[in-house]
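Q: Hey, can we go through this one together? I'd like to start with what sits inside.

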Amino acid sequence: QVQLVESGGGLVQSGGALRLSCAASGSIFGFYNMGWYRQAPGKQRELVARMTSDTTLISTKYGDFVKGRFTISKDNAKNTVYLQMSSLKPEDTAVYYCNYDEAVTRKNYWGQGTQVTVSS
């Protein structure tokens, strides 16, 4: 089992910034992927940012709507992934979920979600 603890959500004005954190603990395999997804009311869950890693390459992928406003990063020593969000817009309002998966074992876990609300 892998546990994910998210933090950093909250209320921010349009144009503001927030940093989300997600710490993974438990039975963590050597190479794993972590990322952030979000779900707004009445909408499907969508990719925000994801960082994958294997023996030779670390890559990142962002949702099309990010357009350079968000940056995902990871502290390997802490098994923690961060999402730095800036230039936030009201349409960024959603519950943001941390995700952890292992390509080899196919384990996949979700955090409990953290609310991000951007006021206009």
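Q: Which residues touch the most other members of the largest nonpolar core?
A: This is a predicted model, where local features need pLDDT of at least 70, side-chain atom pairs count only at pLDDT 80 or more, and totals for chains, interfaces and linings use all residues. Residues are numbered from 1 along each chain as its sequence is written, and side-chain values use heavy atoms, with hydrogens and water left out. The largest nonpolar core has 29 residues, and Leu 4, Met 34, Trp 36, Val 48, Leu 83, Met 85 and Tyr 96 touch the most other members. A nonpolar core here is a set of buried Ala, Val, Leu, Ile, Met, Phe, Trp, Tyr and Cys residues joined through side-chain atoms within 4.5 Å. Buried means under 20% relative accessible area, exposed over 50%, and partly exposed in between (1.4 Å probe, protein chains only).

Q: And which strands each supply at least two residues of that core?
A: β1 (2–7), β3 (18–26), β4 (33–39), β5 (46–53), β7 (70–75), β8 (80–85), β9 (94–101) and β11 (114–119) do. Helices (H or I, at least four residues) and strands (E, at least two) are DSSP runs, numbered from the N terminus.

Q: Why would nonpolar side chains be buried together?
A: In soluble globular proteins, that's what they tend to do.

Q: Let's pick Leu 83. What is Leu 83 in contact with, leaving aside neighbours within four places in sequence?
A: Leu 83 is in contact with Leu 18, Arg 19, Leu 20, Trp 36, Val 48, Ala 49, Phe 70, Thr 71, Ile 72 and Tyr 96. Contact means heavy atoms within 4.5 Å.

Q: Switching topic: how many disulfides does the count come to?
A: The count is 1 disulfide, going by the rule of a pair of cysteine sulfur atoms within 2.5 Å. Cys 22 and Cys 98 form it, with their sulfur atoms 2.0 Å apart. The link is left-handed, with -85° about the S-S bond.

Q: What does the pair tie together?
A: Cys 22 lies in strand β3 and Cys 98 in strand β9, so the pair ties together parts that are 76 residues apart in sequence.

Q: Is Cys 22 buried or exposed?
A: Cys 22 counts as buried because its relative accessibility is 0%. Cys 98 also has 0% relative accessibility and counts as buried.

Q: Back to β9, then. How many of its residues are buried?
A: β9 is mostly covered, with 7 of its 8 residues buried.

Q: Which way do β4 and β9 run?
A: They run antiparallel, joined by 7 bridges. Two strands pair if DSSP finds at least two bridges between them. In this pairing, Trp 36 stands opposite Cys 98 in β9.

Q: What about β9 and β11?
A: Those run antiparallel too, with 3 bridges, and Tyr 96 has Thr 114 in β11 as its bridge partner.

Q: And how many bridges join β9 to β10?
A: 3 bridges join β9 to strand β10 (residues 108–110), and they run antiparallel. The bridge partner of Asp 101 in β10 is Asn 108. The hairpin of β9 and β10 has 6 residues between the strands, and Arg 106 takes a positive phi near 65° there.

Q: Zooming out, how many helices and strands does the chain have?
A: The chain comes to 0 helices and 11 strands.

Q: What share of the chain is buried?
A: Buried residues make up 42% of the 120 residues.
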